[in-house]
Amino acid sequence: MQPSPTAWSVADESFRDHFNEVREDGRRNWFYPQKPTGTWHTRRVWFTVALLTVLFVTPFIRVNDQPLFLFNIIERKIIVFGLFIGPQDYWLFGLTMLSFMVFIVLFTTIFGRLWCGWACPQTVFMEMVFRKIEYAIEGDRPKQMALDKAPWTSDKIMKKGAKWTIFLFISFLIANLLLAYGVGVDELQKIVTEPVAENPGLFFGVVVFTAIFFFNFTWLREQACTVVCPYGRLQGVLMDRNSVVVAYDYKRGEPRGKLRKNQERTGGDCISCMQCVNVCPTGIDIRNGIQMECVSCTACIDACDHIMEKVGFEKGLIRYTSENAITNGTSKLFTTRTYGYIAVLVLLWSVLGYMVVTRTNTETTLLRAPGTQYIENPDGSISNLYTFKIFNKTNRIIHPTLRVDTPGGTLRFAGKPDLSLEGAGMSEGTVFITVPKSSLTGRKNEVKLSVLEGSQMLEAFSTTFIAPEE
Ligand code: SF4
Ligand code: SF4
(Lines give C-alpha, C1' and ligand atoms only; values in the text may rest on other atoms or scores of the structure.)
(Ligands and ions follow the chains in the order given, each with its own letter.)
Protein backbone atom coordinates (compact mmCIF):
# COMPACT_ATOMS: atom_id res chain seq x y z
CA MET A 1 0.00 0.00 0.00
CA GLN A 2 1.37 3.38 -0.85
CA PRO A 3 1.87 5.27 2.37
CA SER A 4 -1.40 6.95 1.65
CA PRO A 5 -2.48 10.32 2.91
CA THR A 6 -4.96 9.63 5.64
CA ALA A 7 -7.42 11.80 7.42
CA TRP A 8 -5.00 12.60 10.18
CA SER A 9 -1.97 13.18 8.02
CA VAL A 10 -3.50 15.01 5.10
CA ALA A 11 -3.14 18.30 6.90
CA ASP A 12 0.61 18.03 7.17
CA GLU A 13 2.37 15.86 4.66
CA SER A 14 5.62 17.82 4.88
CA PHE A 15 7.39 14.89 6.58
CA ARG A 16 7.28 13.12 3.22
CA ASP A 17 9.37 15.87 1.61
CA HIS A 18 12.58 14.68 3.15
CA PHE A 19 14.26 11.41 4.02
CA ASN A 20 14.46 11.20 7.78
CA GLU A 21 17.84 9.43 7.61
CA VAL A 22 19.44 12.62 6.27
CA ARG A 23 19.64 15.87 8.18
CA GLU A 24 19.25 19.27 6.59
CA ASP A 25 23.02 19.78 6.49
CA GLY A 26 23.32 16.52 4.51
CA ARG A 27 24.81 14.47 7.32
CA ARG A 28 23.32 11.21 8.50
CA ASN A 29 20.62 11.38 11.11
CA TRP A 30 21.95 8.83 13.56
CA PHE A 31 19.12 7.25 15.57
CA TYR A 32 19.38 6.33 19.23
CA PRO A 33 16.23 4.29 19.80
CA GLN A 34 15.13 3.99 23.38
CA LYS A 35 15.43 0.54 24.91
CA PRO A 36 12.15 -1.28 24.19
CA THR A 37 10.30 -3.09 26.96
CA GLY A 38 6.80 -4.48 27.21
CA THR A 39 4.56 -7.38 26.31
CA TRP A 40 5.27 -7.37 22.60
CA HIS A 41 8.97 -7.03 23.17
CA THR A 42 8.99 -9.99 25.56
CA ARG A 43 7.14 -12.04 22.96
CA ARG A 44 9.71 -11.04 20.37
CA VAL A 45 12.57 -11.99 22.69
CA TRP A 46 11.19 -15.51 23.08
CA PHE A 47 10.49 -15.76 19.40
CA THR A 48 14.07 -14.65 18.70
CA VAL A 49 15.49 -17.27 21.07
CA ALA A 50 13.53 -19.98 19.25
CA LEU A 51 14.43 -18.59 15.84
CA LEU A 52 18.17 -18.29 16.52
CA THR A 53 18.22 -21.79 18.01
CA VAL A 54 16.66 -23.16 14.82
CA LEU A 55 18.96 -21.01 12.66
CA PHE A 56 22.15 -22.20 14.36
CA VAL A 57 21.13 -25.85 14.78
CA THR A 58 19.71 -26.45 11.29
CA PRO A 59 23.08 -26.65 9.41
CA PHE A 60 24.00 -29.62 11.64
CA ILE A 61 20.82 -31.58 10.86
CA ARG A 62 21.36 -34.27 8.25
CA VAL A 63 18.75 -36.27 6.36
CA ASN A 64 19.89 -39.31 4.35
CA ASP A 65 23.48 -38.26 4.99
CA GLN A 66 23.03 -34.80 3.52
CA PRO A 67 22.17 -31.42 5.06
CA LEU A 68 18.54 -30.51 5.61
CA PHE A 69 19.20 -27.21 3.82
CA LEU A 70 22.04 -26.17 1.55
CA PHE A 71 22.22 -23.18 -0.77
CA ASN A 72 25.44 -23.64 -2.70
CA ILE A 73 24.78 -21.24 -5.54
CA ILE A 74 28.33 -21.45 -6.97
CA GLU A 75 28.23 -25.23 -7.42
CA ARG A 76 24.49 -25.11 -8.16
CA LYS A 77 23.66 -27.52 -5.36
CA ILE A 78 20.54 -26.67 -3.42
CA ILE A 79 18.91 -28.84 -0.77
CA VAL A 80 15.50 -27.90 0.59
CA PHE A 81 14.08 -30.06 3.40
CA GLY A 82 16.51 -32.81 2.41
CA LEU A 83 15.47 -32.71 -1.25
CA PHE A 84 18.48 -32.18 -3.50
CA ILE A 85 17.83 -29.75 -6.35
CA GLY A 86 20.69 -30.10 -8.81
CA PRO A 87 21.48 -28.38 -12.13
CA GLN A 88 19.08 -30.74 -13.96
CA ASP A 89 16.14 -29.70 -11.80
CA TYR A 90 15.76 -26.23 -13.28
CA TRP A 91 11.99 -26.66 -13.50
CA LEU A 92 11.80 -27.71 -9.88
CA PHE A 93 14.08 -24.86 -8.86
CA GLY A 94 12.15 -22.31 -10.93
CA LEU A 95 8.77 -23.42 -9.57
CA THR A 96 10.10 -23.49 -5.99
CA MET A 97 11.34 -19.91 -6.38
CA LEU A 98 8.10 -18.82 -8.03
CA SER A 99 5.92 -20.36 -5.32
CA PHE A 100 8.18 -18.82 -2.68
CA MET A 101 7.66 -15.39 -4.25
CA VAL A 102 3.88 -15.85 -4.50
CA PHE A 103 3.87 -16.95 -0.87
CA ILE A 104 5.75 -13.78 0.12
CA VAL A 105 3.29 -11.64 -1.83
CA LEU A 106 0.31 -13.40 -0.21
CA PHE A 107 1.82 -13.24 3.27
CA THR A 108 2.66 -9.54 2.90
CA THR A 109 -0.78 -8.68 1.54
CA ILE A 110 -2.39 -10.20 4.63
CA PHE A 111 0.15 -9.61 7.39
CA GLY A 112 2.12 -6.61 6.13
CA ARG A 113 5.71 -6.53 7.36
CA LEU A 114 5.29 -9.16 10.05
CA TRP A 115 8.31 -10.93 8.59
CA CYS A 116 10.47 -7.79 8.91
CA GLY A 117 9.69 -7.23 12.54
CA TRP A 118 9.80 -10.79 13.78
CA ALA A 119 11.85 -13.06 11.56
CA CYS A 120 14.06 -11.11 9.17
CA PRO A 121 17.70 -11.84 10.14
CA GLN A 122 18.55 -8.16 9.69
CA THR A 123 16.00 -7.02 12.30
CA VAL A 124 16.51 -10.02 14.55
CA PHE A 125 20.29 -9.60 14.76
CA MET A 126 20.19 -5.78 14.78
CA GLU A 127 17.47 -5.21 17.34
CA MET A 128 17.69 -8.35 19.44
CA VAL A 129 21.42 -9.04 19.46
CA PHE A 130 23.61 -6.06 18.49
CA ARG A 131 21.36 -3.39 19.94
CA LYS A 132 21.05 -5.30 23.23
CA ILE A 133 24.84 -5.47 23.52
CA GLU A 134 24.95 -1.75 22.83
CA TYR A 135 22.43 -1.06 25.61
CA ALA A 136 24.41 -3.28 27.98
CA ILE A 137 27.70 -1.47 27.30
CA GLU A 138 26.68 2.10 26.51
CA GLY A 139 23.35 2.38 28.31
CA ASP A 140 19.99 3.60 27.07
CA ARG A 141 19.26 6.39 24.58
CA PRO A 142 20.35 9.43 26.64
CA LYS A 143 23.61 7.78 27.70
CA GLN A 144 24.42 6.71 24.16
CA MET A 145 23.80 10.22 22.88
CA ALA A 146 25.99 11.68 25.60
CA LEU A 147 28.75 9.15 24.97
CA ASP A 148 28.85 9.91 21.25
CA LYS A 149 29.12 13.63 21.96
CA ALA A 150 31.78 13.16 24.64
CA PRO A 151 35.52 13.47 23.89
CA TRP A 152 37.59 10.31 23.49
CA THR A 153 38.34 9.63 27.14
CA SER A 154 39.62 6.25 28.36
CA ASP A 155 36.05 5.38 29.41
CA LYS A 156 34.71 6.04 25.92
CA ILE A 157 37.61 4.14 24.30
CA MET A 158 36.95 1.20 26.61
CA LYS A 159 33.22 1.14 25.90
CA LYS A 160 33.49 1.59 22.15
CA GLY A 161 36.40 -0.86 21.97
CA ALA A 162 34.49 -3.52 23.91
CA LYS A 163 31.37 -3.01 21.81
CA TRP A 164 33.16 -3.19 18.47
CA THR A 165 35.17 -6.23 19.54
CA ILE A 166 31.99 -8.10 20.48
CA PHE A 167 30.31 -6.86 17.28
CA LEU A 168 33.25 -8.19 15.28
CA PHE A 169 33.05 -11.57 16.99
CA ILE A 170 29.30 -11.89 16.38
CA SER A 171 29.77 -10.78 12.77
CA PHE A 172 32.34 -13.58 12.46
CA LEU A 173 29.80 -16.05 13.90
CA ILE A 174 27.10 -14.88 11.47
CA ALA A 175 29.58 -15.16 8.55
CA ASN A 176 30.26 -18.76 9.59
CA LEU A 177 26.54 -19.41 9.89
CA LEU A 178 25.93 -18.04 6.41
CA LEU A 179 28.70 -20.20 4.96
CA ALA A 180 27.35 -23.21 6.84
CA TYR A 181 24.16 -22.80 4.80
CA GLY A 182 26.17 -22.04 1.65
CA VAL A 183 28.76 -24.81 1.64
CA GLY A 184 27.74 -27.05 4.55
CA VAL A 185 29.30 -27.53 7.97
CA ASP A 186 31.73 -30.17 6.69
CA GLU A 187 33.39 -27.74 4.29
CA LEU A 188 33.35 -25.04 6.91
CA GLN A 189 35.04 -27.32 9.39
CA LYS A 190 37.97 -27.59 7.03
CA ILE A 191 38.86 -23.95 7.69
CA VAL A 192 39.18 -24.78 11.37
CA THR A 193 41.01 -28.08 11.03
CA GLU A 194 43.13 -27.56 7.91
CA PRO A 195 45.80 -24.95 7.09
CA VAL A 196 44.37 -21.75 5.59
CA ALA A 197 46.39 -22.31 2.38
CA GLU A 198 44.34 -25.47 1.70
CA ASN A 199 41.03 -23.59 1.65
CA PRO A 200 41.83 -20.01 0.57
CA GLY A 201 38.39 -19.51 -1.00
CA LEU A 202 36.49 -20.41 2.14
CA PHE A 203 38.82 -18.40 4.34
CA PHE A 204 38.39 -15.40 2.04
CA GLY A 205 34.61 -15.90 2.23
CA VAL A 206 34.64 -15.85 6.05
CA VAL A 207 36.77 -12.69 6.11
CA VAL A 208 34.66 -10.84 3.53
CA PHE A 209 31.32 -11.76 5.11
CA THR A 210 32.60 -10.89 8.59
CA ALA A 211 33.58 -7.44 7.26
CA ILE A 212 30.21 -7.00 5.53
CA PHE A 213 28.23 -7.97 8.64
CA PHE A 214 30.38 -5.79 10.88
CA PHE A 215 29.81 -2.82 8.56
CA ASN A 216 26.11 -3.61 8.36
CA PHE A 217 25.41 -3.90 12.08
CA THR A 218 27.84 -1.20 13.20
CA TRP A 219 27.19 1.53 10.64
CA LEU A 220 24.51 0.72 8.04
CA ARG A 221 21.92 -0.52 10.56
CA GLU A 222 18.32 0.52 9.82
CA GLN A 223 19.37 1.81 6.38
CA ALA A 224 19.59 -1.84 5.29
CA CYS A 225 15.78 -1.86 5.70
CA THR A 226 14.93 1.66 4.60
CA VAL A 227 17.36 2.05 1.68
CA VAL A 228 18.86 -1.28 0.59
CA CYS A 229 16.26 -4.02 1.08
CA PRO A 230 14.17 -4.59 -2.10
CA TYR A 231 11.41 -6.25 -0.06
CA GLY A 232 11.07 -3.09 1.99
CA ARG A 233 10.84 -0.99 -1.19
CA LEU A 234 8.05 -3.23 -2.51
CA GLN A 235 5.72 -2.72 0.43
CA GLY A 236 3.84 -0.01 -1.44
CA VAL A 237 2.61 -2.48 -4.06
CA LEU A 238 2.31 -5.57 -1.86
CA MET A 239 0.12 -4.17 0.91
CA ASP A 240 -3.36 -2.76 0.71
CA ARG A 241 -5.75 -1.07 3.13
CA ASN A 242 -6.70 -4.44 4.67
CA SER A 243 -3.14 -5.53 5.44
CA VAL A 244 -2.34 -5.90 9.12
CA VAL A 245 0.21 -3.28 10.11
CA VAL A 246 1.45 -1.51 13.20
CA ALA A 247 -0.69 1.62 13.08
CA TYR A 248 -1.69 4.60 15.14
CA ASP A 249 -5.42 4.92 15.73
CA TYR A 250 -5.78 8.54 14.67
CA LYS A 251 -9.53 8.49 15.30
CA ARG A 252 -8.85 7.82 18.94
CA GLY A 253 -5.63 9.77 19.26
CA GLU A 254 -6.43 13.05 17.51
CA PRO A 255 -6.44 15.90 18.23
CA ARG A 256 -3.30 15.18 20.15
CA GLY A 257 -2.11 17.39 22.96
CA LYS A 258 -0.15 17.44 26.18
CA LEU A 259 -1.84 16.16 29.29
CA ARG A 260 -2.34 19.00 31.76
CA LYS A 261 -3.05 18.57 35.44
CA ASN A 262 -6.38 19.81 36.78
CA GLN A 263 -7.64 20.47 33.27
CA GLU A 264 -10.48 18.53 31.69
CA ARG A 265 -9.25 16.73 28.60
CA THR A 266 -11.27 17.41 25.48
CA GLY A 267 -8.83 16.18 22.81
CA GLY A 268 -7.80 12.71 21.71
CA ASP A 269 -5.82 10.11 23.65
CA CYS A 270 -2.39 10.96 22.23
CA ILE A 271 -0.62 13.07 24.82
CA SER A 272 2.29 13.96 22.52
CA CYS A 273 4.84 12.32 24.77
CA MET A 274 6.97 11.30 21.76
CA GLN A 275 7.77 7.91 23.32
CA CYS A 276 6.67 6.11 20.14
CA VAL A 277 9.14 8.22 18.15
CA ASN A 278 12.01 7.89 20.61
CA VAL A 279 11.74 4.12 20.63
CA CYS A 280 11.54 3.68 16.86
CA PRO A 281 14.69 2.13 15.35
CA THR A 282 13.97 3.73 11.99
CA GLY A 283 13.29 7.12 13.51
CA ILE A 284 9.80 7.67 12.16
CA ASP A 285 6.70 9.11 13.73
CA ILE A 286 4.03 6.42 13.31
CA ARG A 287 1.38 9.06 13.99
CA ASN A 288 2.01 10.47 10.51
CA GLY A 289 0.43 7.35 9.04
CA ILE A 290 1.75 4.13 7.57
CA GLN A 291 5.23 4.64 6.21
CA MET A 292 7.60 2.53 4.18
CA GLU A 293 10.32 2.89 6.84
CA CYS A 294 8.23 1.05 9.45
CA VAL A 295 9.57 -2.47 9.95
CA SER A 296 6.70 -3.53 12.25
CA CYS A 297 9.03 -4.05 15.19
CA THR A 298 6.20 -3.36 17.72
CA ALA A 299 8.46 -1.13 19.86
CA CYS A 300 6.06 1.81 19.52
CA ILE A 301 3.09 -0.37 20.57
CA ASP A 302 4.81 -1.18 23.86
CA ALA A 303 6.00 2.39 24.38
CA CYS A 304 2.53 3.81 23.84
CA ASP A 305 0.86 1.11 25.95
CA HIS A 306 3.14 2.08 28.86
CA ILE A 307 2.02 5.68 28.53
CA MET A 308 -1.65 4.78 28.18
CA GLU A 309 -1.40 2.68 31.34
CA LYS A 310 0.32 5.50 33.20
CA VAL A 311 -2.28 8.10 32.30
CA GLY A 312 -5.20 5.72 32.76
CA PHE A 313 -6.30 5.43 29.13
CA GLU A 314 -7.11 2.23 27.33
CA LYS A 315 -4.12 0.50 25.76
CA GLY A 316 -3.87 -0.04 22.00
CA LEU A 317 -3.67 3.50 20.67
CA ILE A 318 -0.89 2.06 18.53
CA ARG A 319 -1.58 -1.57 17.69
CA TYR A 320 -1.66 -4.26 15.04
CA THR A 321 -4.60 -3.34 12.86
CA SER A 322 -5.44 -2.37 9.29
CA GLU A 323 -6.03 1.01 7.75
CA ASN A 324 -9.61 0.00 6.91
CA ALA A 325 -10.22 -1.12 10.50
CA ILE A 326 -9.21 2.31 11.77
CA THR A 327 -10.90 4.35 9.07
CA ASN A 328 -14.26 2.60 8.80
CA GLY A 329 -14.20 -0.18 11.38
CA THR A 330 -14.12 -3.01 8.83
CA SER A 331 -11.47 -5.64 8.93
CA LYS A 332 -11.11 -8.17 6.17
CA LEU A 333 -8.08 -10.42 6.14
CA PHE A 334 -9.13 -12.37 3.06
CA THR A 335 -10.11 -10.31 0.05
CA THR A 336 -10.61 -11.16 -3.63
CA ARG A 337 -6.95 -10.34 -4.14
CA THR A 338 -5.76 -12.72 -1.42
CA TYR A 339 -8.05 -15.51 -2.68
CA GLY A 340 -6.48 -15.01 -6.12
CA TYR A 341 -2.98 -15.40 -4.65
CA ILE A 342 -4.08 -18.48 -2.68
CA ALA A 343 -5.46 -20.07 -5.87
CA VAL A 344 -2.16 -19.46 -7.71
CA LEU A 345 -0.20 -20.80 -4.75
CA VAL A 346 -2.31 -23.96 -4.48
CA LEU A 347 -1.81 -24.55 -8.21
CA LEU A 348 1.95 -24.05 -7.95
CA TRP A 349 2.25 -26.28 -4.88
CA SER A 350 0.19 -29.00 -6.58
CA VAL A 351 2.50 -28.98 -9.61
CA LEU A 352 5.52 -28.91 -7.31
CA GLY A 353 4.16 -31.82 -5.26
CA TYR A 354 3.56 -33.82 -8.43
CA MET A 355 7.10 -33.08 -9.65
CA VAL A 356 8.62 -34.12 -6.33
CA VAL A 357 6.61 -37.35 -6.12
CA THR A 358 7.37 -38.39 -9.73
CA ARG A 359 10.98 -37.21 -9.64
CA THR A 360 13.59 -39.83 -10.52
CA ASN A 361 17.14 -40.05 -9.16
CA THR A 362 18.64 -40.02 -12.64
CA GLU A 363 17.79 -38.34 -15.89
CA THR A 364 18.89 -40.17 -18.99
CA THR A 365 18.91 -38.99 -22.57
CA LEU A 366 19.41 -41.71 -25.16
CA LEU A 367 19.49 -40.56 -28.79
CA ARG A 368 20.19 -42.48 -31.94
CA ALA A 369 23.70 -41.62 -33.16
CA PRO A 370 23.41 -38.99 -35.93
CA GLY A 371 23.70 -40.31 -39.49
CA THR A 372 23.38 -43.98 -38.49
CA GLN A 373 20.86 -46.53 -39.69
CA TYR A 374 19.95 -49.96 -38.31
CA ILE A 375 22.33 -52.93 -38.49
CA GLU A 376 21.00 -56.35 -39.51
CA ASN A 377 22.83 -59.05 -37.53
CA PRO A 378 23.48 -62.61 -38.84
CA ASP A 379 21.06 -64.06 -36.26
CA GLY A 380 18.25 -61.90 -37.66
CA SER A 381 18.21 -59.39 -34.80
CA ILE A 382 18.51 -55.65 -35.43
CA SER A 383 20.90 -53.21 -33.74
CA ASN A 384 20.79 -49.42 -33.44
CA LEU A 385 23.62 -47.23 -32.26
CA TYR A 386 22.86 -44.61 -29.56
CA THR A 387 24.66 -41.93 -27.63
CA PHE A 388 23.60 -41.60 -24.01
CA LYS A 389 23.98 -39.22 -21.11
CA ILE A 390 23.03 -40.14 -17.54
CA PHE A 391 22.71 -37.30 -15.04
CA ASN A 392 22.81 -38.01 -11.33
CA LYS A 393 20.07 -35.92 -9.71
CA THR A 394 21.12 -36.86 -6.19
CA ASN A 395 23.94 -35.52 -4.06
CA ARG A 396 25.55 -38.95 -3.53
CA ILE A 397 27.63 -41.28 -5.68
CA ILE A 398 25.52 -43.80 -7.56
CA HIS A 399 26.54 -46.75 -9.74
CA PRO A 400 23.75 -47.16 -12.28
CA THR A 401 23.23 -49.93 -14.82
CA LEU A 402 21.22 -49.70 -18.03
CA ARG A 403 18.74 -52.44 -18.94
CA VAL A 404 16.62 -53.03 -22.05
CA ASP A 405 13.12 -54.01 -20.96
CA THR A 406 11.76 -54.87 -24.42
CA PRO A 407 11.58 -58.69 -24.61
CA GLY A 408 14.84 -60.19 -25.91
CA GLY A 409 16.57 -56.81 -26.05
CA THR A 410 20.24 -56.49 -25.09
CA LEU A 411 22.76 -53.70 -25.02
CA ARG A 412 26.50 -53.48 -25.54
CA PHE A 413 28.57 -50.43 -24.70
CA ALA A 414 31.15 -49.17 -27.16
CA GLY A 415 34.30 -49.10 -25.06
CA LYS A 416 34.11 -49.27 -21.26
CA PRO A 417 32.29 -46.19 -20.03
CA ASP A 418 32.58 -45.38 -16.33
CA LEU A 419 29.00 -45.27 -15.17
CA SER A 420 29.89 -44.29 -11.60
CA LEU A 421 28.25 -40.92 -11.07
CA GLU A 422 29.45 -38.36 -8.56
CA GLY A 423 26.76 -36.34 -6.75
CA ALA A 424 25.11 -34.18 -9.46
CA GLY A 425 27.59 -35.79 -11.91
CA MET A 426 27.10 -36.96 -15.47
CA SER A 427 28.31 -39.92 -17.52
CA GLU A 428 28.11 -40.29 -21.30
CA GLY A 429 28.98 -42.84 -23.94
CA THR A 430 27.83 -44.88 -26.90
CA VAL A 431 25.80 -48.06 -26.79
CA PHE A 432 24.42 -50.63 -29.25
CA ILE A 433 20.91 -51.85 -28.54
CA THR A 434 19.93 -55.10 -30.15
CA VAL A 435 16.35 -56.33 -30.42
CA PRO A 436 15.11 -59.60 -31.96
CA LYS A 437 12.85 -59.20 -35.00
CA SER A 438 10.03 -60.89 -33.07
CA SER A 439 9.84 -57.84 -30.79
CA LEU A 440 9.66 -55.37 -33.67
CA THR A 441 6.47 -54.33 -35.45
CA GLY A 442 7.61 -52.11 -38.31
CA ARG A 443 10.15 -49.50 -39.30
CA LYS A 444 9.70 -47.28 -36.27
CA ASN A 445 9.50 -49.04 -32.91
CA GLU A 446 9.51 -48.11 -29.29
CA VAL A 447 12.13 -49.74 -27.08
CA LYS A 448 11.74 -49.62 -23.31
CA LEU A 449 14.74 -49.20 -20.99
CA SER A 450 15.41 -48.62 -17.35
CA VAL A 451 18.23 -47.34 -15.17
CA LEU A 452 18.89 -49.39 -12.02
CA GLU A 453 21.10 -49.22 -9.00
CA GLY A 454 21.45 -52.77 -7.80
CA SER A 455 17.90 -54.09 -7.97
CA GLN A 456 16.33 -50.68 -7.36
CA MET A 457 14.85 -49.02 -10.39
CA LEU A 458 15.86 -45.37 -10.66
CA GLU A 459 14.24 -44.43 -13.92
CA ALA A 460 12.22 -45.94 -16.77
CA PHE A 461 12.08 -44.43 -20.24
CA SER A 462 11.73 -45.38 -23.91
CA THR A 463 13.41 -44.50 -27.17
CA THR A 464 12.74 -45.03 -30.87
CA PHE A 465 14.31 -47.97 -32.61
CA ILE A 466 14.60 -48.21 -36.39
CA ALA A 467 14.23 -51.54 -38.19
CA PRO A 468 13.88 -52.50 -41.88
CA GLU A 469 10.37 -52.40 -43.40
CA GLU A 470 8.80 -55.83 -43.54
S1 SF4 B 1 6.91 2.83 13.67
FE2 SF4 B 1 6.77 1.43 15.43
S3 SF4 B 1 6.66 -0.62 14.53
FE4 SF4 B 1 7.34 0.79 12.93
S5 SF4 B 1 9.56 0.62 13.01
FE6 SF4 B 1 8.99 2.38 14.30
S7 SF4 B 1 8.79 1.52 16.34
FE8 SF4 B 1 8.82 -0.20 14.94
S1 SF4 C 1 3.48 7.10 22.58
FE2 SF4 C 1 1.29 7.18 22.30
S3 SF4 C 1 0.67 8.94 23.49
FE4 SF4 C 1 2.85 9.16 23.23
S5 SF4 C 1 3.08 10.37 21.37
FE6 SF4 C 1 3.10 8.26 20.73
S7 SF4 C 1 0.98 7.82 20.19
FE8 SF4 C 1 0.95 9.69 21.44
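Select β11 and strand β14 (residues 444-453): they pair in the antiparallel sense over 4 bridges. Strands are DSSP runs (E, at least two residues), numbered from the N terminus, and two of them pair if DSSP finds at least two bridges between them. This is a predicted model, in which local features need pLDDT of at least 70 and side-chain atom pairs count only at pLDDT 80 or more, while totals for chains, interfaces and linings use all residues. Residues are numbered from 1 along each chain as its sequence is written, chains are lettered from A and ligands numbered from 1 in the order in which they are written, and side-chain values use heavy atoms, without hydrogens and water.

Stay on this pair. V404 stands opposite L449 in β14.

The open sheet has 3 strands in the order β11-β14-β15, with antiparallel pairing. β11 (401-404) and β15 (456-466) are the edges; each has a single partner strand, so one side of each lacks a neighbour in the sheet. Neighbouring strands here are turned by 30 degrees against each other on average, direction ignored (axes are lines fitted to C-alpha atoms; angles run from 0 to 180 degrees between N-to-C directions).

Next, select ligand 2. The residues around ligand 2 include Y248, C270, C273, C276, R287 and C304 (near means a heavy atom within 4 Å). By class, this shell has 10 nonpolar, 1 polar and 1 charged residues; Cys and Tyr count as nonpolar, Arg as charged.

Finish on the cysteines. C273 is partly exposed, at 28% relative accessible area. C294 is buried, at 13%. Buried means under 20%, exposed over 50%, partly exposed in between (1.4 Å probe, protein chains only). The disulfide count is 0, a disulfide being a pair of cysteine sulfur atoms within 2.5 Å.
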